[in-house]
Amino acid sequence: MAHVLGGQRLVLEYPTRRVLDGVTLGIDAGDRIGIVGRNGDGKSSLLAVLSGQLEPTEGLVTRRGGVTMGVLRQRDELDEDATVITSIVGDVPEHVWASDPAVREVLDGLVSDVPFDARIGELSGGQRRRVALAALLTGDWDIIALDEPTNHLDLPAIHWLAQHLKTRWPRGSGSLLVITHDRWFLDEVCTSMWEVHDGVVDEFEGGYAAYVLARVERDRQAAAIEAKRKNLMRKELAWLRRGAPARTSKPKFRIEAANELIAAEPPPRDELQLRRLAVARLGKKVVDLVDAGFSYGDHEVLSDVTWRLAPGERTGILGANGAGKSTLLGLISGELTPTSGRVTHGKTVRMGILDQGFSQLADIATDRVREVLARTKTTFPLDGKDVTPAQLLERLGFARAHLSARVGELSGGQRRRLQLLLLLLDEPNVILLDEPTNDVDADMLAAMEDLLDSWPGTLIVVSHDRYLLERVTDQQYAVIGSSLRHLPGGIDEYLALVRQAAASRDENEGGEAEGEEGGLTGAERHRARKDAASIERRLGRLEEEVEAVHEDMAAHDQSDYEGLTGYTAKLDELRAQIAELEERWIELAEALED
């Protein structure tokens, strides 16, 4: 295959450390490379050097003449005042881009629900991410480099992106470099892997599953040094090989070697033992939802939900952004009171919640990690042994050097580790995880899964991370419409339902164009949809402002009552705006339903 891009003896130094130390590598046409490594080890720096966005301290980056390269960064550079369609296709006339099937495929796959005439500054974070992706993918590139492309994407969008990248170029042409913590995506798209660590880049043939095998083999050769990580990766390999046929047959590694490595490896979880322990801790009743529903005014989010959570149940919750997954968690936890039906909790239930906003850390933002751990219990039972909180945090990949840091100064990944640790130390018997993969790398996710494997209790996970859901849960449900639906066929069944709903919606909208006997006209309905979408975007921005004010309050001097009063007034103003917008949104929703 033709060589298209490479780096020779690359060195990249920052004042405090050397990120790349004499790295030499090459990319050929047809390569599909996934880049993995711990947060901070240099994945994004390597991508920036290869794409020409960052000059190496030493060494040379070479690109074959005429080769074009498109890059998706973690932060987009979209013009806040530009419209969605202009940001994607530029000044190309509509009759030109609308007649291009490749452009239409990208628009339909990523931004079909985003108004084309909306300003970029009005979009939510997820919508902006999809617009930036669409702007890149409508271009004609020989090499595409993606830095965390699945951030803010839901499962159908992630699935679409994987299929698009697999079929974008003819076999043996085009090259892909992708950084992501989404391990399903890596296994689905990539044919080789680069691991960035300690200033070097190790190359592996095959997708993520093959990379896991290679790491196990490498760890075996240095067992004394890598003992802890070896055992963890062997467990993950065992799960990969025992999983779905599509996953186990695809990786390009020696199946015999994998089978030999895991011959004596037990399943990741002893389900009967965990259920027995869960019943002992919880009794037979955990949480019962009976005909439960929840509405904001006249807007019904959930209706007629009947679900009896069992001791030791491990369930994943799927659904589009805004479908009501977090509302469902609120009903289960008791933070929300159902507006219809009932929710009851067992007498021994002790709830633990890991949310997206690090709310559990707000009150300890100025404390040092060491001080926080000193206030917790001295030991924690794990795999039949007692470990200290510091040892448990280290097992989650938290460096001892950071124990002296203040909680508010930690990175997102470090805060997620601490948040999970404090949750476990509280010894809940029901855990609710709301998007737990945010801000964490693959190693951290594997460590989290390892801890959850031995945790006896009821586990409910809301996530768009397919790998995580299949790894730690035994069944899945989906919030579709306002109902909760069991998915015996798992995530594949959910994706099929989403495709069916989209096809049905397209047919209905086609029928509306022929005219309506009552209610809104076609033009009025179109305008109402646009107004509702605009309100949703504004609500998203206001919620972000509320979260930012809460963070500022947590970091503010708690003895400064005048300053805190100002924050409270700001919150009241934001909430009033939210309430007004929600009322208007409900009016539009009712008009569209007529």
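Modeller: Helices here are DSSP runs of H or I with at least four residues, strands are runs of E with at least two, and both are numbered from the N terminus. The model is predicted. By that count, the protein has 21 helices and 20 strands.

Biologist: Where is the place of Glu435?

Modeller: Glu435 is in the loop between β17 and α17 (442-453).

Biologist: Why is Glu435 called buried?

Modeller: The relative accessible area of Glu435 is 10%. Buried means under 20%, so Glu435 counts as buried.

Biologist: What makes Glu427 partly exposed?

Modeller: Glu427 has a relative accessible area of 36%. Glu427 is in the loop between α16 (412-425) and β17 (430-434).

Biologist: What is the phi of Glu427, and what is that of Glu435?

Modeller: Phi is near 55° in Glu427 and near 50° in Glu435. Both values are positive, in residues other than glycine. Most residues other than glycine have a negative phi.

Biologist: Which residues form the negative surface patch?

Modeller: Glu544, Glu545, Glu547, Glu551, Asp552 and Glu573 form the patch. Asp and Glu count as negative, so the patch is called negative. Helix α20 (residues 522-555) supplies the largest share, five residues.

Definitions and conventions
Residues are numbered from 1 along each chain as its sequence is written. This is a predicted model: local features need pLDDT of at least 70, side-chain atom pairs count only at pLDDT 80 or more; totals for chains, interfaces and linings use all residues. Side-chain values use heavy atoms; hydrogens and water are left out. Patches are made of residues with over 30% relative accessible area and no salt bridge: like charges are joined within 9 Å, nonpolar side chains (Val, Leu, Ile, Met, Phe, Trp, Tyr) within 5 Å. Accessible areas come from the Shrake-Rupley method with a 1.4 Å probe; for residues, only the protein chains shown count as cover. A salt bridge is a side-chain nitrogen of Lys or Arg within 4 Å of a carboxyl oxygen of Asp or Glu. The place of a charge is taken as NZ of Lys, CZ of Arg, CG of Asp or CD of Glu. Buried means under 20% relative accessible area, exposed over 50%, partly exposed in between (1.4 Å probe, protein chains only).
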